[in-house]
Amino acid sequence: MNIHIATAVIVAGIMASPLSSEAAKEQLWTERRNSAPKYTQIPDFAALAEAVMPGVVSISVEQKARVSSSRRPGMSGPEEFFFRFFGQSPQAPQRPEPMPRGQGIGTGFVIQDYGLILTNFHVVENADTIRVTLSRNDGSEEELEAKILGVAPEYDVALIQTLDDANAEAIPLGASQEIRIGDWVMAVGNPFGLSQTVSTGIISAKERRDIAPSGRRGIYNFLQTDASINPGNSGGPLINVRGEVIGINTAINAAGSGIGFAIPIDMVKEMLPDLKAKGRFVRSWIGIKIQPLDEALAESLGLRNTEGALIAEIISGGPAEAAGLREGDVITEFNGERVRESSDLPLLASLAGIGREIPIRYVRDQKFKRGRVTLKAFPEDGIATNDSDEAPVDESVLGMSIGDITDSVREQFQLQNQEGAAILKVTRGGLAARAGIRPGDVIVKLNG
């Protein structure tokens, strides 16, 4: 009996030895002690909702007759899956059709107790009358008429004010730059007209700039969240766990649930003084047209990567011309901020401030240079987009049609160029469209 036991022990020891020795050489995983602190705690959402809901208002508007087309010509890719929060869907006809007077609903939030309210521009666009409904602490509701104080259509922001003193509870504004991917947030609004609805989630991404709700081009820098957002939430606040607004809920993905987008409140803070005092946020302007860099273009310019914004055209009389910038320069840094993609530059330049002298860093002839540019106010847009009467040259391989700069083409696109090849049409989804080329652009150089 003892012999058998001894043999078993010896055999077990022989089998266990190599494993024990190997385990001693390499630890294949890591562990934490039970006493290790937790990374996160679930917030008290009930207390958070109770604190902020009195400052959230329902907005109803009666709109003027308007021309509506939620899918605009040239809209492609992810844009087709985005739409405004009320009144329009991606299935609307492409050709603009007159719409009768109608009503829409949206959301806003109070930033001053006398009745100063932030919302989306598209909520109050073309509004004849605006009414806001406030929820009181005793459970009652009060409806007040409001007026538009200021708008920033390019950013989809509007500031409105009640005609009478609202005596409402204001929600403090936070710092959206401090919010992190994975942080808890709460969306509050009136989805489908269901007032005072809250949903929770996290920040799932930041700096989403390639989103164009309804195909409406703008200067966006969205926060992305998985907090449930639906039609009617538009203009409502996205709240952090401290009960501060860190974003304005603006757009959703109509193709699926779980993706919503909000305007960072830090951007809106920059606009508020102009919105209240001037009625409109006036963007600052650098005076260039830019295009993104792909690997082939970066290589042809002698660059190591595709970071930066390539100057495709210098606007005559603009700040960039005065600063000595040239076509072909690649701006890599603006006011101390790294320009990782071309879409970074319009955002940075538009918010920098009129009259400010901004330091920049750029590449010219494969050499890094530094300079300063004094920004001006952004001029009014006025480029026509009608089809040309001239017979275009069909460049089907590139996905664009070009033609000479005739008097009619110059008038149509308001061109100042005397030389070059005018882009008359761009095929949606083609090589030219993917490179950022648009009708009205002029090719003045090719491959340097």
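In the predicted model examined here, E313 is placed in strand β18, which spans residues 309-314, strands being DSSP runs of E of at least two residues and helices runs of H or I of at least four residues, both numbered from the N terminus. With a relative accessibility of 17%, E313 counts as buried, a term that denotes under 20% relative accessible area, whereas exposed denotes over 50% and partly exposed the range in between (1.4 Å probe, protein chains only). When neighbours within four places in sequence are left aside, E313 is in contact (heavy atoms within 4.5 Å) with G287, I288, K289, E327 and N417. Residues are numbered from 1 along each chain as its sequence is written. Local features need pLDDT of at least 70 and side-chain atom pairs count only at pLDDT 80 or more, while totals for chains, interfaces and linings use all residues, and side-chain values use heavy atoms, with hydrogens and water left out.

The chain as a whole contains nine helices and 27 strands, and 43% of its 448 residues are buried. Of the contacts in the chain with a separation of 6 or more, 63% are accounted for by residues 24 or more positions apart.

Not counting residues up to four places away in sequence, D329 touches A309, L310, I311, Y362, V363 and R364.

N190, in the loop between β10 and β11, likewise counts as buried, at 3% relative accessibility. The side chain of N190 reaches the backbone oxygen of V57 at 3.4 Å, and a polar atom of that side chain lies 3.5 Å from the backbone oxygen of G106. Apart from neighbours within four places in sequence, the residues in contact with N190 include S58, I105, T107, P231 and N233. The C-alpha atoms of N190 and G235, which are 45 residues apart along the chain, are separated by 9.7 Å.

In helix α2 (residues 45-52), the buried residues are F45, L48, A49 and V52. These residues lie on the same side of α2 because they cover an arc of only 95° around the axis, the arc being that of the directions from the helix axis to the C-beta atoms. On the other side of α2, A46, E50 and A51 are exposed. The buried residues of α2 pack against β1 (56-63), β10 (184-189), β11 and β13 (237-239).

The second largest pocket has a volume of about 710 Å³. Of the 22 residues that line this pocket, Q177, N221, E337, L347 and L348 are the closest to its centre. At least two lining residues each are supplied by β11 (197-208), α4 (265-278), β20 (337-338) and α7 (344-351), and α7 gives the most, with four residues. A pocket is here an open set of points on a 1 Å grid over the protein atoms alone, where a 1.4 Å probe fits, with protein on both sides within 12 Å along at least five of seven lines, and lining residues have an atom within 4 Å of a point.

Notes
Grid points are joined across faces, edges and corners, and a volume is the space filled by probe spheres set on the points. A polar contact is a pair of N or O atoms within 3.5 Å; within protein, one must be able to donate a hydrogen and the other to accept it, and residues adjacent in sequence count only if both atoms are side-chain atoms.
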